[in-house]
Amino acid sequence: MVRITDVARRAGVSPSTVSYALSGKRPISDETRRRVEAAVRDLGYRPHTGARVPAGGRQNVLALAAPLRPGVHTPAVMRLAVSVVTTARAHDHDVLLLTQEEAEEGLTRALGTASVAGLLLTDVGLHDPRLPRLRFLDSPSVLIGVPANPRGLTCVDLDFRAAGEACVDHLAGLGHRTVALVGSPPEVYLRQTACAHHLMRGFTAAAARHGLTTSVHPGDPDPAAAPRLAERLLHEHPALTAVVIHNEPLLAPLITAFEHLGLRVPADFSVTAVCPDDLATTPPVPVTSVTLPADELGARAVELLMQKLRGVPLPETTLLPPRLTERASTSRRSA
């Protein structure tokens, strides 16, 4: 049996460094991490994951790691969780919900029980510290989110880059030349949460393709911050005629704030968003939006995990194409 000391010897590091590289509990340089991962692959090392199901036993629980970190929109997480639970029950599985910040340790505890069959993870970062361990665990996992390097993983998400592009393409087609992105809260960008960065990159790429003037503004989700944000946007960009909003709590408050500043939506100012359909249709002026398909994502993630449990080969990444619905909040720019 290959031991962690064998991996350390092959990689030229200490056993504790191997442990940190696999668990993500401490920062490890990319070069050291690559050496450890190569040694693990070469030697066929498998970390000990705790008690397994006894012979003849049955695993019938899925663990959903959905840490409620600062900046996470809790209603969106709960909608996703309900979809996961409903779909899992259709497969005769229950769901263990892990919401603590120390989600990685929660994964370790979950894997130490005999009943957990597999893992689902949300709030995925571009360089998520949970990923090295997931790549070498016996238990299957599915990420609801796409990191910078999805190699060796199974990921599903809305194609956020294409969603950002779709919003800009729509506004550019209506003649708007100066557009801003009101994005996720600042802490979400600081954590390098994958969906926020993918959407931002799609937004900026499409804007560059159309030759638009743009800016990106992380948004404080407190509705009371909307008037100040609207004033700052117009002060910094007097020619601004449209925004893309990827921050659900700010959607209706920002529309109200722009109207209080004398801008009628959509006659003077166009608004698009990436959000659930029911949220887009709530404001007095229904919002043109790309659907955030939480229900579909939860169901698709569970279906992928069940396929992995059956040994079905799967692609590393499954992206749901964006669906933009045009509503009353966007119109052609006045000459």
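Six strands form an open sheet in the order β2-β1-β3-β4-β5-β11, and their pairing is parallel. Strands count as paired if DSSP finds at least two bridges between them. The strands (E, at least two residues) and helices (H or I, at least four) are DSSP runs, numbered from the N terminus. This is a predicted model: local features need pLDDT of at least 70, side-chain atom pairs count only at pLDDT 80 or more, and totals for chains, interfaces and linings use all residues. Residues are numbered from 1 along each chain as its sequence is written, and side-chain values use heavy atoms, with hydrogens and water left out.

Now move inward. All six of the six residues of β3 (residues 116-121) are buried, so this strand is largely enclosed by the rest of the structure. Buried means under 20% relative accessible area, exposed means over 50%, and partly exposed lies in between (1.4 Å probe, protein chains only). Five bridges join β3 to β1 (residues 61-65), and the two run parallel. Here alanine 65 stands opposite leucine 121 of β3. β3 also pairs with β4, in the parallel sense, over three bridges. Leucine 121 stands opposite leucine 143 in β4. Next, β4 and β5 pair over two bridges, again in the parallel sense. Isoleucine 144 stands opposite valine 156 in β5.

Helix α4 (residues 74-90) packs on this sheet and touches β1, β2, β3 and β4. Its direction makes about 155° with that of β2. Such axes are lines fitted to C-alpha atoms, for helices over the stretch in contact, and angles run from 0 to 180 degrees between N-to-C directions.

Look next at the loop between β4 (141-144) and β5 (155-158), where threonine 154 sits. At 6% relative accessibility, threonine 154 counts as buried. Its side chain makes a polar contact with the side chain of lysine 308, at 3.0 Å. A polar contact is a pair of N or O atoms within 3.5 Å; within protein, one must be able to donate a hydrogen and the other to accept it, and residues adjacent in sequence count only if both atoms are side-chain atoms. Leaving aside neighbours within four places in sequence, threonine 154 is in contact (heavy atoms within 4.5 Å) with Ser141, Val142, Leu143, Lys308, Leu314, Pro315 and Glu316.

A further open sheet of six strands has the order β7-β6-β8-β9-β10-β12, with mixed pairing. Its edge strands are β7 (213-218) and β12 (324-325), each pairing on one side only. Within it, β9 (residues 270-275) and β10 (residues 288-291) pair in the parallel sense over four bridges. Threonine 272 stands opposite threonine 288 in β10. Helix α7 (residues 160-173) lies across β6, β8, β9, β10 and β12, at about 165° to β9. Helix α9 (residues 194-210) lies across β6, β7, β8 and β9, at about 165° to β7.

Finally, turn to helix α3 (residues 30-43). Thr32, Arg33, Val36, Glu37, Ala39 and Val40 are buried there. Seen down the axis of α3, the buried residues fall within an arc of 160° (taken from the directions from the helix axis to the C-beta atoms), so they line one face of the helix. On the other side of α3, Asp30, Glu31, Arg34 and Asp42 are exposed. Just after α3, glycine 44 takes a positive phi of about 70°.
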